[in-house]
Structure formats: structure tokens, C-alpha cells
Amino acid sequence: MVDVQPSTEPNQNVANPADGAIAPHAGHMPPAIPLTGLNMKRRGPVAVWIGLPLITLGIYQIVWYYKIHCELQSFDRRLGLNPTGSLLVMIFLGWTLIAPLISYHNTGKAIANAQRAAGLPVTCSPAACTFLFFALGLNTLYMQRQLNLVIDAYPDAAPGTGVALAA
């Protein structure tokens, strides 16, 4: 084992508390690290809204809801989503009507933030995500269309590949 001895040479990068001097590099900002995330999967809005839920007797809608939350979280970690929590709200509190409406509203906010992170104008309305539920469940069609706008911002990126975030 090598013994490390303190050096008697002054360290130029350390501030001297006695005279209040600041280190030469202390005022510089570190280089900005570009924000990145994983691209999401493009899905057909009509298939998400009516086709696959009819074929699977409604199970696909729950699976879709979980998947979009996982993809949104992978796209932008700053969103702080909990895909499992969103799924459990839909499964165990779906009968309350209020809990799903709040969850749809929060999903709309997450989609709007994803649009902002992709450098797109925000077109997703959390209120529309909430209230379109009462119009034949059109909120899933609306949310998937809004998600597809984010996916279309990265035309050459396959699902699950890294993409640069604008903001």
C-alpha cells in the first residue's frame, strides 16, 4: 500500500479562507450536459381508443395507460411519474370516478411537459384529457394523438433509442 503524504506546494485551485480569495476556476460554469431521453412508441389513436379495447374486453386500455406512463418517464426523467401508481389508481379506484379524472388530468400535464421537452408548442390540454372521458372515452384517442406529436418530432429515432430534449 502506498502512503500518501501531504504536499507542501500550494494548490492553486483551492480558495484561501484567510484572505477571501476565490479559486481561479470557481467562477466558471461547468459545460452544459445535453438532456436526453428515450423515444416512445407510435400507436394508432383509433386502435388505442376503440379497436384493441374491444378485442381485449377493456384490458388493453389499462395496459396502454401503464405503457404510456413508462414511456413518458423514460422520455423525460424530470416528469417524476410513477407508472405503477397510475395503474393502481385505475385498477383499484376506477370506480370512484374522481380518482381516474385526476389521473387523466395529471397525464395530460405530463404529455404537455413532454411536448415542451421535445421543443414543440404545447397543444395538449389537461382539461381536455379529463373531460373527453365523458364523450365515449375520447380522451384516450386525444392523448395518443398528442403523444404521437412528440414521437413525430424525432422522425428518425426508433422506439427506445436516445433522443435529445430541447428544454
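## Basis of the model

The model is predicted, with local features needing pLDDT of at least 70 and side-chain atom pairs counting only at pLDDT 80 or more, while totals for chains, interfaces and linings use all residues. Residues are numbered from 1 along each chain as its sequence is written, and side-chain values use heavy atoms, leaving out hydrogens and water.

## Overall make-up

The protein has six helices and two strands, which are DSSP runs numbered from the N terminus (helices H or I, at least four residues; strands E, at least two), and along the sequence they follow the pattern β-α-α-α-α-α-α-β. Of its 167 residues, 34% are buried, where buried means under 20% relative accessible area, exposed over 50% and partly exposed in between, with a 1.4 Å probe and protein chains only.

## Helix α6

Helix α6, residues 138-152, has 15 residues and reaches 21 Å from its first C-alpha to its last, close to the 21 Å expected at 1.5 Å a residue, the expected span being 1.5 Å times one less than the number of residues. Because 11 of the 15 residues of α6 are buried, this helix is largely enclosed by the rest of the structure. The buried residues, among them L141, Y142 and I151, pack against α1 (45-55), α2 (59-75), α4 (98-117) and α5 (126-131).

## Two loop residues

Most residues other than glycine have a negative phi. L97, in the loop between α3 (83-92) and α4, has a positive phi of about 70 degrees although it is not a glycine, and is partly exposed at a relative accessible area of 38%. L136, in the loop between α5 and α6, has a positive phi of about 60 degrees and counts as exposed at 75% relative accessibility.

Terms used: Contact = heavy atoms within 4.5 Å.
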